[in-house]
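This report walks through selected local features of one protein chain. Please look over the sequence and the structure before reading on.

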Amino acid sequence: MRSASESPWIDAARAYVPRKPDPRIRWFLDANEGRPLPSVSAAIAAALSGPSGGVSRYPSFYELEAAIARKWSVDPARIVVTGGGDDAIGRICMTRLAPGSKILVHEPAFEMFGVHARVRGATVMGLTWLDGTPFPLPATIEAVKHDTSLGIATAVSPCNPTGGAVTREEALALADACAESGCAFLFDAAYGEFADDDPTPALVEDGSAYIVRSFSKAYGLAGLRLGYAIAPDADRAGALRSCGMPYPSSSLAAVAAMAALADTEGVAAAIATVRKERAVLADALRSLGAKVADPKANFVLARVGNPAGLAEHM
């Protein structure tokens, strides 16, 4: 008898389970969301009050992709707007993974890498990278060079959930190793705006990595589900377009993203506030006895004796 899914690898997949509503919680500290800018809220209000209300026509993302391309000084054909960064990850997995192949992640890892890989019939290879320890570049390059079943090698910087960061030199070294082996390099920079050293510009210029970025964090648009991929070239960007929805997000999301990109001063001020407050929070947690690595993103990872009990108490 066939399984209910009729696809052997689907049975091994596990869904991402969002948090359930809890009326006791006023401030959500676990989702790493940002706060929307006043300029973005004004742009959405103007769009909603327009002739079509901003929602009666199918959206266009050509202008947004062109604006993102200008930000990174690349050909707009390399930019693919997606329904959040996780949609970009899913598309890259669809174009580079097949049953029997592998994706390399650094554990603890963002859950959606495993979700998308297993749906493709691929398996997850995990290398440990805990908070406060150096990025395991030698072990990562060793796996890239010698595991012929490896379809994608990933690096996340700053890393969710540990907050660890990859240097520009490490990212470029891994990109070179992947290019030599034929393995795709997926660099997830969803929290890149908060990093002391963001390798994205160097990787964009190098042109051998798939770079994933998001409007959910620094730009505060998590509820509008918008991200993008910078592909190594136009052909591979075209492959990403071919395996996604024709309209990955909404017209209001496009309006909000355009306003956020234009408000460089507002974004810079928001990032500066986060960087200041994360240091204060880290010091406060350390004073209470928690083990806290130097935070590099818009969240702080604290190790305590009873994490489940602390979360419930909070």
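Arg225 counts as partly exposed, because its relative accessibility is 34%, a value between the limits of 20% and 50%. The model is a predicted one. Arg225 sits in the loop that runs between E6 and strand E7 (227-230). Its phi is positive, about 55°, although Arg225 is not a glycine.

Ser73 also has a positive phi without being a glycine, with a value near 55°. This serine belongs to the loop between H2 and E1. Ser73 counts as exposed because its relative accessibility is 67%, and the limit for that class is over 50%.

Pro158 is placed in the loop between strand E4 (150-156) and helix H6 (168-181). Pro161 is likewise in the loop between E4 and H6.

**Cysteines**

How many disulfides does the count come to? The count comes to zero disulfides. A disulfide would need a pair of cysteine sulfur atoms within 2.5 Å. For Cys159, the closest cysteine sulfur is the one in Cys93, and it is 16 Å away, so the two are too far apart for a bond. Cys243 also has its closest cysteine sulfur in Cys93; here the separation is 9.9 Å, which is again too far for a bond.

Cys159 is buried, because its relative accessibility is 2%, and buried means under 20%. Cys243 has a relative accessible area of 22%, so Cys243 is partly exposed.

Strand E6 covers residues 209-214, and six of its six residues are buried. Ala209, Ile211 and Arg213 point one way from E6, while Tyr210, Val212 and Ser214 point the other way. The residues on both sides are buried, Arg213 and Ser214 included.

How do E5 and E6 run, parallel or antiparallel? The strands E5 and E6 run parallel and are joined by four bridges. Within this pairing, Phe185 stands opposite Ala209 in E6.

Leu186 is part of strand E5 (residues 184-188). With a relative accessible area of 0%, Leu186 is buried. Which residues does Leu186 touch, not counting residues up to four places away in sequence? Leu186 touches Ile89, Ile92, Phe113, Ile152, Ala153, Thr154, Ala155, Tyr210 and Val212. Leu186 and Ile89 are 97 residues apart along the chain, and their C-alpha atoms are separated by 8.0 Å.

Ile92, one of the residues that Leu186 touches, is located in helix H3 (residues 85-96). Its relative accessibility is 0%, and therefore Ile92 counts as buried. When neighbours within four places in sequence are left aside, the contacts of Ile92 are Ile152, Leu186, Tyr210, Val212 and Leu240. Tyr210 and Val212, which Ile92 contacts, are on one side of E6. Between the C-alpha atoms of Ile92 and Thr82, which are ten residues apart along the chain, the separation is 11 Å.

**Ser251**

Ser251 is located in helix H9 (residues 251-262). Is Ser251 buried or exposed? Ser251 counts as buried because its relative accessibility is 18%, and the limit for buried is under 20%. Leaving aside neighbours within four places in sequence, the residues in contact with Ser251 are Gly54, Val55, Arg57 and Pro59.

**The second largest pocket**

The volume of the second largest pocket is about 260 Å³. Its lining is made up of 14 residues, and those nearest the centre are Phe61, Glu65, Arg241, Pro246 and Pro248. By class, nine residues of the lining are nonpolar, two are polar and three are charged.

Definitions and conventions. Residues are numbered from 1 along each chain as its sequence is written. This is a predicted model: local features need pLDDT of at least 70, side-chain atom pairs count only at pLDDT 80 or more; totals for chains, interfaces and linings use all residues. Side-chain values use heavy atoms; hydrogens and water are left out. On a 1 Å grid over the protein atoms alone, a cavity is a set of points where a 1.4 Å probe fits but cannot get out, and a pocket is an open set with protein on both sides within 12 Å along at least five of seven lines; lining residues have an atom within 4 Å of a point. Grid points are joined across faces, edges and corners, and a volume is the space filled by probe spheres set on the points. Ala, Val, Leu, Ile, Met, Phe, Trp, Tyr, Cys and Pro count as nonpolar, Asp, Glu, Lys and Arg as charged, and the others, Gly among them, as polar. Buried means under 20% relative accessible area, exposed over 50%, partly exposed in between (1.4 Å probe, protein chains only). Helices (H or I, at least four residues) and strands (E, at least two) are DSSP runs, numbered from the N terminus. Contact means heavy atoms within 4.5 Å. Two strands pair if DSSP finds at least two bridges between them.
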